[in-house]
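Biologist: I am new to this structure. Please show it to me, and then we can go through it by question and answer.

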Amino acid sequence: MRTVTYSIVATLLAAPAAAQDHPLTVAMTEVYRVGGLNAQDWAFFGPGLQMSFDGAGNLLVLDVVNRRVVVVGPDGQLVRIVGRQGEGPGEFQMSLVIAVWRDGRFAVPDMGHAAIQVFNPDGELEDFVRLADENTPLAATLGYRERIRADPLGDGIIAQGVGGVLAQMANFANRRTGQPEDENPAGVDDRALETLDLSGDVMRSRPILQGWRAPRPGVSLSSTDEADWSRVVATTEDRYFEPGFHWDVLPNGTIAYSDSSAYAIKLARPDGSVIDVRTRPLSPEAVSERIQQEMIASRLQRLEERLAGGSSSAGPLPPRDPEESRQRIRDRGFYHEVPVVRGIAVTWDGGLWIQRRGENPWDDNGPIDVFNADHEYLGTLAVGQPAMPAAFGPNGFVVHMERDEFDVPTIVVSQWVEDR
């Protein structure tokens, strides 16, 4: 075990946006690490991982590529492997997210099965809940949610809605087949939350809250454009710096979320009604012409790096039409200001970690503001000291993921102690 103490550096205090920051230090003691290029078979993970702790301190790792859930004990040893690739109940086809309850139960939505599979703490299949299919033929596929959490007050799942690209995909298919269109064929949109009820054979959903979406000019497509899938997708893209929708769930069921460019963390009851707003004196920066030019240049540079790296690079595969991708980068619109908040995470005891923008307007990994379980501001952690954890667990456990030059992940579990 090794302990590292992180502290605020002078450059953070010198930044105008951080003038009101209170320096905060955190002592991080590494407990174990698993994975890497030379790991045992059970700990050799694919590049896509989703992780969450249970109340016993076990880390449940959804290994997306290898289609399994690996349960790692508090000592870093293998507890069990759940599932494998296959078409039967308890096996996985296309699973991208996992929700874990504190008692060790967990749920894994599977687009291949068009169902949500629920397992007991021993890893045995408990329920196989089909996704609702009353909207469109593609609704089962669209049942995938990008971010989910186990409902701490029940047996359901709290889920973010489906993004505009997937919703457009359903209506694109409907237009091609002559089926009626649906304004939102997959349920709530990607700036809203809903509860997924798993008590029956078929999933039922109930909207919780709708986040704010920045208004944008209407885009009309010709019949020729509508036949071009790339044009349809382009109309669903957010503008540069358009405020994101960030959220997490506290142990008592309260939902913390941010949906604007301002520093305003809304706290809502489980029914979605807002009961409080946590703010700090940090204002969004206006998007100047210089920022626009630098943003486009950074995206073009990233594209060229992907093109140079080819299919062996760690990032997404290079586009089939590089020039079209370059043009889309140049043509994409801009929101008028740079959002302050870039991420929200809830600690095991109900505190908040709020990730802010970095030094560059497009940098999502800035300093982190820490609030206690009473939602009082305690202080700010310097950039990357530490990075935002992938998950928080009991007894101060946190998990981060490191990648080597071959994109092979290593999971690092540490214990943190606040040190003002």
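Modeller: A charge sits over a ring if NZ of Lys or CZ of Arg is within 6 Å of the ring centre and within 35 degrees of the ring normal. This is a predicted model, in which local features need pLDDT of at least 70, side-chain atom pairs count only at pLDDT 80 or more, and totals for chains, interfaces and linings use all residues. Residues are numbered from 1 along each chain as its sequence is written, and side-chain values use heavy atoms, with hydrogens and water left out.

Biologist: At what distance from the ring centre does R147 lie over the face of W247?

Modeller: The charge of R147 is placed over the face of the W247 ring. R102 has its charged end over the ring of W348, 3.7 Å from the centre. For R147 and W247 the distance is 5.4 Å.

Biologist: Which residue in β8 is the bridge partner of V100?

Modeller: β7 pairs with β8 (residues 106-110) in the antiparallel sense, over two bridges. In β8, the partner of V100 is F106.

Biologist: Is the pair of F106 and F119 stacked or edge-to-face?

Modeller: Rings of Phe, Tyr and Trp (its six-membered ring) pair if their centres lie within 6.5 Å; planes under 30 degrees apart count as stacked, over 60 as edge-to-face and the rest as tilted. The whole structure holds 10 aromatic pairs. For F106 and F119 the centres are 4.9 Å apart and the planes at 15 degrees, so the pair is stacked.

Biologist: Is F106 buried or exposed?

Modeller: Buried means under 20% relative accessible area, exposed over 50%, and partly exposed in between (1.4 Å probe, protein chains only). F106 has a relative accessible area of 2%, so F106 is buried.

Biologist: How are the rings of Y240 and F334 arranged?

Modeller: Y240 has 2% relative accessibility and F334 19%, so both count as buried. Their ring centres are 4.8 Å apart and the planes at 45 degrees, so the pair is tilted.

Note on methods. Pairing = 2+ DSSP bridges. Helix = DSSP H or I, 4+ residues; strand = E, 2+ residues; numbered from the N terminus.
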